[in-house]
Amino acid sequence: MFRALSLILLSLMPTLLAAVQTFPEKKLETELLPCLNIPRAGHATLIVGGRLTVIGGHTLGFVPTATAEYYADGEWHLMSTVYTHDQGLYVPLSDSRVLIGGGHEQNLGIGQQFSVEMYHPDSYTFEGYGCLDQKRCFANGIELDSGQVIISGNWYADDAIEVYKGERLFSPLRTVSQMRSKPYMLRTAKDNAIIFSATDEHDNLIDNIIVDRVKGEPFTPPLFNTWRPRRLDFPPRCDDGRIGNYAYLFTVEDSTGQMAIARTQGEAIDLLPTSCPVPMKYHGQHINYFTPVIADRKAGRAYITGFTSDHILCVLCIEYKHSPAQLTLYCTELQDSLGLNIPVLNTDGHLIMAGGTIESNFAPLSSVLLLKVGNRAETATTGKSSHSFWLWIITGGVTLLLIAIVLAYKTRKKSETAHPTVQSTTKENNEVKPDNLTAASSKELMQRINQLMLAEQLFLLPELKIQDIAQRLNTNRTYISDTIRAVEGCSFIQYVNTLRVDYAKQLLQQHPYMKILEVTTRSGFSTDTSFFRTFKAITGMSPKEWAAKFTEK
């Protein structure tokens, strides 16, 4: 007991010290929603007319799809668009319609196109609406207070600024100071906006970033001499990062790759003071932040989504109304079957990520994930400054307690040396427990564990706990755990998951066309997330890749 408590307290010390010195972490709870009708990536996910809506993109084989879907009554409803728009521009208008244009002209993400259409959410219909002034892909657009829409950005083609004036007319407005793809477009006044990007039309980083004005001469903010806008995987949606009238948040990075949050007020651009540096690692793994800032103006929060090489999904929460802004990192495990795309903020303040890719544009996914980050009634997450006093008190108390336990443990060991015992019995449950597990007794107990697990296939029970095994074998959970670690070299859950994966491999080998969801359930895994992560960690392949070995024969 003393040894176990000591190890627990020692393991807690780095966590407590890290919490004092860095930032709060929270578990990111998720919920899988019904899947899209069509797997897609390169699309837009929007809230249109109060409904969650996805428009355009490409589907399996990197083929553009002339479809859209909206979510209602617990299911997705398919709609047909007039044209395809893979990596096009999607501009929600103040009258609830959505202006849609451009995108790749051909399969495989090749070329640009002129086509424009308008989505009418009241009738769930799309209307052909003319053509852009020039072919575009990876462009962006923003509506000014006048109702005019400013459009800029391009992909492997020349860029310029054009304007849509509301009568199906797209006219050239002015040239740009440098070619851009996936540009930021931020309003600075009723009839003006600024345009800039980290990358040129070939997705190369721009050395000296220049900001264009819709009205006025281009300029370079002093901040961009030391911090540059971050390269984005997707064009930022207009107004996603807006936190007030002509005020926005976006991400920047320095020469070392350290990320920070920049803010604009009109044309003034500076860094947002934060309670700690933006976390770039989670449990030793680098966080790849792949989305622009998404602001929840009602809650005074903003979010940036990222992932690690271990497929951990991270959402950085920025409580920007605090000074300094408080940062909290929400993290959860990301299953292999989940695609990555720009999330959208729903009416409850949660994020929804629909479709997208995890590895290949040729295999987009249809999964839809709700990220439960919103709690508008929740008090502000306090940061390092407000927690540090209590954390130091807790850490100090734990340290003193640890010293006391270590001293007590040493005293007990001296007593046991003077008066050795062979075995002791727990009064509470009459379990027979040897004080020291020998190699022979560990091997014998491991044989009993294996016999029980395999004979009755207890590992197929999703809610199986170590205490269940201990009770069946009339011993203590501590000795079950210690035995498995000593003999198998792993934890109890790793031991159980290995048996589950072995069983899943048998199912996949004998029934290669069995649905993965059925394999997950029959193998004892409670969620797809756990199954995909564990299977790949043990075999080095996803379940589908492993099953393919037998379907190819």
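**Close-ups of a predicted model**

By the ring-pair rule used here, the count comes to 20 aromatic pairs; rings of Phe, Tyr and Trp (its six-membered ring) pair if their centres lie within 6.5 Å, with planes under 30 degrees apart called stacked, over 60 edge-to-face and the rest tilted. This is a predicted model, with pLDDT of at least 70 needed for local features and 80 or more for side-chain atom pairs, while totals for chains, interfaces and linings use all residues. Numbering starts from 1 along each chain as its sequence is written, and side-chain values use heavy atoms, leaving out hydrogens and water.

**View A. Two ring pairs, Tyr119 with Phe126 and Phe234 with Phe290****.** Tyr119 and Phe126 are stacked, at 4.5 Å centre to centre and 25 degrees between the planes. Both of these residues are buried, meaning under 20% relative accessible area, where exposed is over 50% and partly exposed is in between (1.4 Å probe, protein chains only). Phe234 and Phe290 have ring centres 6.5 Å apart and planes at 70 degrees, so this pair is edge-to-face.

**View B. A ring cluster, plus charges over rings****.** Phe525, Phe531, Phe532, Phe535 and Trp546 are linked into a cluster by ring pairs. Over the ring of Phe525 sits the charged end of Arg500, 5.8 Å from the ring centre. Elsewhere, the charged end of Lys182 does likewise with Phe138, at 5.4 Å from the centre of that ring. The rule for a charge over a ring: NZ of Lys or CZ of Arg within 6 Å of the ring centre and within 35 degrees of the ring normal.

**View C. Strand S10 between S9 and S11****.** Helices (H or I, at least four residues) and strands (E, at least two) are DSSP runs numbered from the N terminus, and two strands pair if DSSP finds at least two bridges between them. S9 (residues 89-92) runs antiparallel to S10, with four bridges joining them; Tyr90 stands opposite Ile100. In the S9 and S10 hairpin, with five residues between the strands, Ser96 takes a positive phi near 80 degrees. S11 (residues 113-120) also pairs with S10 in the antiparallel sense over four bridges, and here Gly101 faces Val116. Both faces of S10 are covered: Val98 and Ile100 on one side, Leu99 and Gly101 on the other, are all buried.

View D. The structure holds 20 salt bridges, each a side-chain nitrogen of Lys or Arg within 4 Å of a carboxyl oxygen of Asp or Glu. Arg472 is in helix H4 and Glu456 in helix H3, so the pair ties together parts 16 residues apart in sequence. Arg522 and Glu518 form another, with closest N and O atoms 3.4 Å apart; both lie in helix H7, four residues apart, about one turn of the helix.
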